[in-house]
Each structure stands twice: as C-alpha cells, then as structure tokens.
Amino acid sequence: MSKRKTIEVSTMVEWANTQLARTDEYADKGFKSGISTMIERILHNTNNYNGFMFIDNEDSELGTLGYYSRYYHYRK
C-alpha cells in the first residue's frame with residue numbers, strides 16, 4: 001500500500017494567489033476560474049476559508065477576467 005502524501009493549505013493558497021495574479025496570455029478567465037474553484041474547495045473542506053479580495057476593484061465585474069483575479073485569505 002502506498003503512503004498518503006499531504007501538502008500544507010498555506011502552500012496551496014500561496015500558489016493559487018500567485019496564479020491568480022498572473023497577467024500573461026495563458027492566465028485567461030478559464031484558467032483563473034479553475035484555480036479559484038480549486039482553492040475555494042480546499043479552504044472550505046479544511047475550514048480555513050477567510051474570504052478573498054479582488055486584485056483590482058475597478059475590474060471585478062462578474063464573469064470577467066478581473067472577477068477571477070483575486071487574492072484569497074485563510075485562517076492561520
């Protein structure tokens with residue numbers, strides 16, 4: 001039987017926040033939407049969700065690239 005491996009929630013949040021701040025051509029709405037969905041699931045499942053903020057409040061209309069450009073907070 002293989003060993004179970006784990007990763008710290010803080011490591012995943014830091015990685016996700018870095019990905020959500022990207023502005024290159026590959027960091028499109030679909031990419032950022034997937035990262036947001038993944039990190040929210042991790043945070044909620046571990047009871048560490050503590051909200052998020054938009055990186056640019058002026059560019060945060062629902063469904064846009066700016067809407068998924070976020071910074072997640074977690075309980076430490």
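User: Is K76 buried or exposed, and what is its relative accessibility?

Analyst: The model is predicted, so local features need pLDDT of at least 70 and side-chain atom pairs count only at pLDDT 80 or more, while totals for chains, interfaces and linings use all residues. Residues are numbered from 1 along each chain as its sequence is written, and side-chain values use heavy atoms, with hydrogens and water left out. K76 is placed in the segment after β2. Buried means under 20% relative accessible area, exposed over 50%, and partly exposed in between (1.4 Å probe, protein chains only); K76 therefore counts as exposed, at a relative accessibility of 86%.

User: What distance separates the C-alpha atoms of K76 and V9?

Analyst: K76 and V9 are 67 residues apart along the chain. The separation of their C-alpha atoms is 9.5 Å.

User: In what order do the elements of the protein chain run?

Analyst: The protein chain contains two helices and two strands. These are DSSP runs numbered from the N terminus, with helices (H or I) of at least four residues and strands (E) of at least two. From the N terminus on, the order is α-α-β-β.

User: What percentage of the contacts with a separation of 6 or more comes from residues 24 or more positions apart?

Analyst: Contact means heavy atoms within 4.5 Å. Among contacts in the protein chain with a separation of 6 or more, the share from residues 24 or more positions apart is 54%.

User: Are R70 and E40 buried or partly exposed?

Analyst: R70 has a relative accessibility of 4% and counts as buried. E40, with a relative accessible area of 23%, is partly exposed.

User: What is the N to O distance in the salt bridge between D24 and R22?

Analyst: The structure holds two salt bridges. D24 is partly exposed at a relative accessible area of 32%, and R22 counts as partly exposed at 24%. The N to O distance between their side chains is 2.7 Å.

User: Which residues form the negative surface patch?

Analyst: Patches are made of residues with over 30% relative accessible area and no salt bridge; like charges are joined within 9 Å, and nonpolar side chains (Val, Leu, Ile, Met, Phe, Trp, Tyr) within 5 Å. Lys and Arg count as positive and Asp and Glu as negative, without His and the chain ends, and the place of a charge is NZ of Lys, CZ of Arg, CG of Asp or CD of Glu. D56, in the loop between β1 (49-54) and β2 (70-74), is partly exposed at 39% relative accessible area. The negative patch consists of D56, E58, D59 and E61.

User: What is the area of the nonpolar surface patch made by M53, I55 and Y71?

Analyst: Y71 lies in strand β2 and counts as partly exposed at 39% relative accessibility. Accessible areas come from the Shrake-Rupley method with a 1.4 Å probe, and for residues only the protein chains shown count as cover. The patch made by M53, I55 and Y71 has an area of about 290 Å².

User: What is the phi of N47?

Analyst: Most residues other than glycine have a negative phi. N47 is found in the loop between α2 and β1 and counts as exposed at 61% relative accessibility. Although N47 is not a glycine, its phi is positive, at about 55°.

Notes. A salt bridge is a side-chain nitrogen of Lys or Arg within 4 Å of a carboxyl oxygen of Asp or Glu.
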